[in-house]
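The sequence and structure come next.

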Amino acid sequence: MTENFSVAMTNVTNSELSDHLLRMDGQEDICLALYAPSTGSLRRTAIVNDVLLPQRGERSVHGNASFSGSYVLRACQQAARTGQGVMIIHSHPNGRGWQGMSAQDADAEESYSRLALQLTGKPLVGMTLAGEGTWSARAWTASESIQADYVRVVGPSLNVHWNNKQRPVPPSNDRQLRTISAWGDKTQADIARLRLLVVGVGSVGLDVAVRLAAAGARHVGVMDFDVVHEHNLDRMIGSTQSDAAIRRPKIEVAHREMERAATASSHEFRTHNQDVTTVEGQATALDYDIVISCVDRPYPRAVLNQMAYSDLIPVIDGGIGIDVFSDGAMRGATIRTHTLTTGRPCLVCSAQIDLSEVTLDKEGLLDDPSYIAAAGQAERGNQNVALLSICVTAGLLSQLVSLIARPGGRGVSAPLRYSIATHSLEHLHVKSRTHCPFEAETGRGDLRVALTRPNA
Ligand SMILES: [Zn+2]
Ligand SMILES: [Zn+2]
């Protein structure tokens, strides 16, 4: 296991575990669960999936809860059958914040760690829930225990439980006074510690990345494999004629503009000259906590749509469609923004991607004029103007604020659609389909169906 280790679970799993572990009588309790691994290039995450509540005789509650070997064996067998790992989870009713381990805790977990590793091939993960609701976690390899950096509880909002020793609260500064006065120190500390990835740094992605840097985000990655062309200059604010002349990679322009805008005292902005539809590009994306999708093609959007659910990494997506009359005048424009996360519908359910287009895009046929003509399809429009692309940026970033700062306590909205011709902002009442294949993979991590293709 690498040093970057984290745990993630849905808000529904969090409630199920809390209901069992935080007892009315105030005693400590225990249960086992199964996790799916989610493996990035730098980070490993254990995603809590199946909660195995104890059956009669499998545990006893008496001040310090204890459990039987047969309970662990039952969990190991089920984990081995389903390609998952095992977790031992207990509560500290009087605990506050990230919990340390007593010698007794360490003994109990360590004594089962070899059995779990042997039967499942995956490290045992231990978790503790403090009485006020804070999670802490560690993984047991053959030789040592590794503390997690954080535990993420994911739903319409993102709630992160930080290991402050490994991810200390970064100092804020006077450049951020107005920002902090808008949402307080806790949200600022989240922004500063979260890993945020912008996929696609054209007109919208570049704006998004620069604003994240200005807001004090310290870990921002930008992913794109395209270069700046002359026709990008009317929308990529900050790019120059010389960038276009030398075909500078868009990620380099984004990096330069982010450095200029950054307000954090120290930061680490990463550039990824990758395609998220490759195995390698996806592994990079799996290192991040939130992805902001600024790509418009169906195939990369489908890959991100899957990851949002399978790996519990919220993806904020959106775009603009501009309609033009045959005489060239503007007929209307529609701006959509939505967050793909458990508890909200995916891109297929909200009809934002069409799986047959995803297949065409994957096969490189989507822009092939002879194919489009033969199939009788309309050509894809690519009109865009700087005066409106900023509306997409604004929509995406306000979803991000809802996700992290939770104003009103409600997290992200249902999908939103703004029509410029009618001046109407609609809350779309889209529901997840019962048999949505993407949402059915929630929490599957590396067990997800492979959509990516081999590295280029
Ligand atoms: Zn304990
Ligand atoms: Zn769906």
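Ala 209 belongs to helix H5 (residues 203–214); helices (H or I, at least four residues) and strands (E, at least two) are DSSP runs numbered from the N terminus. Ala 209 has a relative accessible area of 0% and is therefore buried; buried means under 20% relative accessible area, exposed over 50%, and partly exposed in between, with a 1.4 Å probe and protein chains only. Pro 93 lies 116 residues from Ala 209 along the chain, with 41 Å between their C-alpha atoms.

## Basis of the values

This is a predicted model, in which local features need pLDDT of at least 70 and side-chain atom pairs count only at pLDDT 80 or more, while totals for chains, interfaces and linings use all residues. Residues are numbered from 1 along each chain as its sequence is written, chains are lettered from A and ligands numbered from 1 in the order in which they are written, and side-chain values use heavy atoms, leaving out hydrogens and water.

## Zinc ion (ligand 2)

Cys 346 (SG), Cys 349 (SG), Cys 436 (SG) and Glu 439 (OE) coordinate the zinc ion (ligand 2) at 2.0 to 2.3 Å. Donors are N, O and S atoms within 2.8 Å of the metal (3.2 Å for Na, K and Ca); water is not among the atoms, so sites may look incomplete. The angles among the four donor atoms are 102 to 122 degrees, and the site is tetrahedral, a term that for four donors requires all angles to lie between 85 and 135 degrees.

Along the chain the donor spacing is C-x2-C-x86-C-x2-E. Cys 346, in the loop between strand E17 (330–340) and helix H10 (355–362), and Glu 439, in the segment after strand E19 (424–427), are 93 residues apart and link distant parts of the chain. Both Cys 346 and Glu 439 are buried.

## Helices H4 and H12

The axes of H4 (residues 177–193) and H12 (residues 386–405) come within 10 Å and cross at roughly 105 degrees. Axes are lines fitted to C-alpha atoms, for helices over the stretch in contact, with angles from 0 to 180 degrees between N-to-C directions. H4 and H12 are therefore roughly perpendicular (65 to 115 degrees; under 35 is roughly parallel, over 145 roughly antiparallel, the rest oblique). Trp 183, Thr 187, Asp 190 and Ile 191 of H4 meet Val 401, Ile 404 and Ala 405 of H12.

Methods: Contact = heavy atoms within 4.5 Å. Tetrahedral: all angles 85-135°; square planar, octahedral: opposite > 155°, others 65-115°.
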